[in-house]
Amino acid sequence: MSIIKLLSTMMRWEDKTMKYILNQNQCGFLMKHGCFVKSLYQVTYQYFKALGYEIVVEEMEGLVGFKKAPKEVLLADEAFAGRVLEARVPEGFLGILRENGVVKKVGTEPLTLYWNHWGRYTFELLDMRSPEMDEASTRSLLNTAKLMDENRTLYKLKELECLERICAQVGNINVAGGGALLEQLKALMGKEESA
């Protein structure tokens, strides 16, 4: 076969195929005639257009956005199920989603999928059906509140403890127009320096 015929044949073959290159942070959903076949990862794929193939590419970050197949069908694919966090929230519960330990979302959707490939997601359930506290906890909270009401120093220490917890979770806080808070912090800092 001559070189020209070979190149001509290859060009016709390329016109009839789809070529996809998936990066390490991408997932491809292989569809055939609109039906989900399987998930694809980090390789070069070629499929014939004439046979009804299509690949939908998505970044593997945050919420899974692919909507052309039910979530249950996607989870049946073991390769896909191993790369996502399945967040199920039963009736009467709240779901708390954390990314790398930081709260990102509170939700009530029955089933949500998050890519668990780059960011590490965890999911907790909070039971809202019976928000009961035992007697000892209630008594302890009441005693603490009474002590803080009687002693302003304890109250200020509790405020600073809460502020410290918030700063540890958030990282940075910008206070705008909070003159009273800033003055109180300066006063406390001034007392510590003179002691």
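Q: In what order do the three strands of the open sheet with β3 stand?
A: In this predicted model, let's start with how the strands pair. The pairing in this open sheet is antiparallel. The edge strands are β3 (35-41) and β5, each of which pairs on one side only.

Q: How many bridges join strand β2 to β5?
A: Strand β2 covers residues 26-32 and runs antiparallel to β5. One place to look along this pair is Phe-29, which stands opposite Val-56 in β5. The number of bridges joining β2 to β5 is seven.

Q: Which residue forms a salt bridge with Glu-54?
A: Glu-54 sits in strand β5, and its partner lies in the loop between β5 (53-59) and α2 (71-75), 14 residues apart from Glu-54. Glu-54 counts as partly exposed because its relative accessibility is 33%. The closest N and O atoms of the pair are 3.2 Å apart, and the partner is Lys-68.

Q: What is the N to O distance in the salt bridge of Glu-86 and Arg-88?
A: Side chains of opposite charge can pair when their charged atoms come close. Glu-86 is partly exposed at 36% relative accessibility, and Arg-88 is partly exposed at 42%. Their side chains meet in a salt bridge with an N to O distance of 2.5 Å.

Q: In which helix do Lys-158 and Glu-161 both lie?
A: These two residues form a salt bridge, with the closest N and O atoms 3.5 Å apart. Lys-158 is partly exposed, with a relative accessible area of 31%, and Glu-161 is partly exposed at 29% relative accessibility. They are three residues apart, about one turn of the helix, and that helix is α5.

Q: How many salt bridges does the structure hold?
A: Among them are Lys-68 with Glu-54, Glu-86 with Arg-88, and Lys-158 with Glu-161. The total for the structure is four.

Q: Which residues form the nonpolar patch on the surface with Leu-157?
A: Leu-157 has its place in helix α5 (residues 152-170). The patch has about 260 Å² of accessible area in total. Together with Leu-157, the patch is formed by Leu-147 and Leu-154.

Q: What is the strand order in the open sheet with β7?
A: This sheet has three strands with antiparallel pairing. Its edge strands, β8 (102-107) and β10 (121-127), each pair on one side only. Neighbouring strands are turned by 25 degrees against each other on average, direction ignored. The order is β8-β7-β10.

Q: Which residue in β8 stands opposite Glu-99?
A: Strand β7 (residues 93-99) pairs with β8 in the antiparallel sense, over five bridges. Glu-99 stands opposite a residue of β8, and that residue is Val-102.

Q: How far apart in space are Glu-124 and Val-106, C-alpha to C-alpha?
A: Glu-124 lies in strand β10 and is partly exposed, with a relative accessibility of 35%. Leaving aside residues up to four places away in sequence, Glu-124 touches Leu-94, Gly-95, Ile-96 and Arg-98. Val-106 is 18 residues from Glu-124 in sequence, and the distance in space is 9.6 Å.

Q: Is Thr-112 buried or exposed?
A: Thr-112 is found in strand β9 (residues 111-115). Not counting residues up to four places away in sequence, Thr-112 touches Leu-63, Lys-71, Leu-85, Glu-86 and Ala-87. The cut-off for burial is under 20% relative accessible area. Because its relative accessibility is 7%, Thr-112 counts as buried.

Q: What percentage of the residues of the protein count as buried?
A: The protein has six helices and 10 strands. Its accessible surface is about 14100 Å², with 57% belonging to carbon and sulfur atoms. Of its 195 residues, the buried share is 23%.

Notes: Residues are numbered from 1 along each chain as its sequence is written. This is a predicted model: local features need pLDDT of at least 70, side-chain atom pairs count only at pLDDT 80 or more; totals for chains, interfaces and linings use all residues. Side-chain values use heavy atoms; hydrogens and water are left out. Two strands pair if DSSP finds at least two bridges between them. Helices (H or I, at least four residues) and strands (E, at least two) are DSSP runs, numbered from the N terminus. Axes are lines fitted to C-alpha atoms, for helices over the stretch in contact, and angles run from 0 to 180 degrees between N-to-C directions. Patches are made of residues with over 30% relative accessible area and no salt bridge: like charges are joined within 9 Å, nonpolar side chains (Val, Leu, Ile, Met, Phe, Trp, Tyr) within 5 Å. Accessible areas come from the Shrake-Rupley method with a 1.4 Å probe; for residues, only the protein chains shown count as cover. Buried means under 20% relative accessible area, exposed over 50%, partly exposed in between (1.4 Å probe, protein chains only). Contact means heavy atoms within 4.5 Å.
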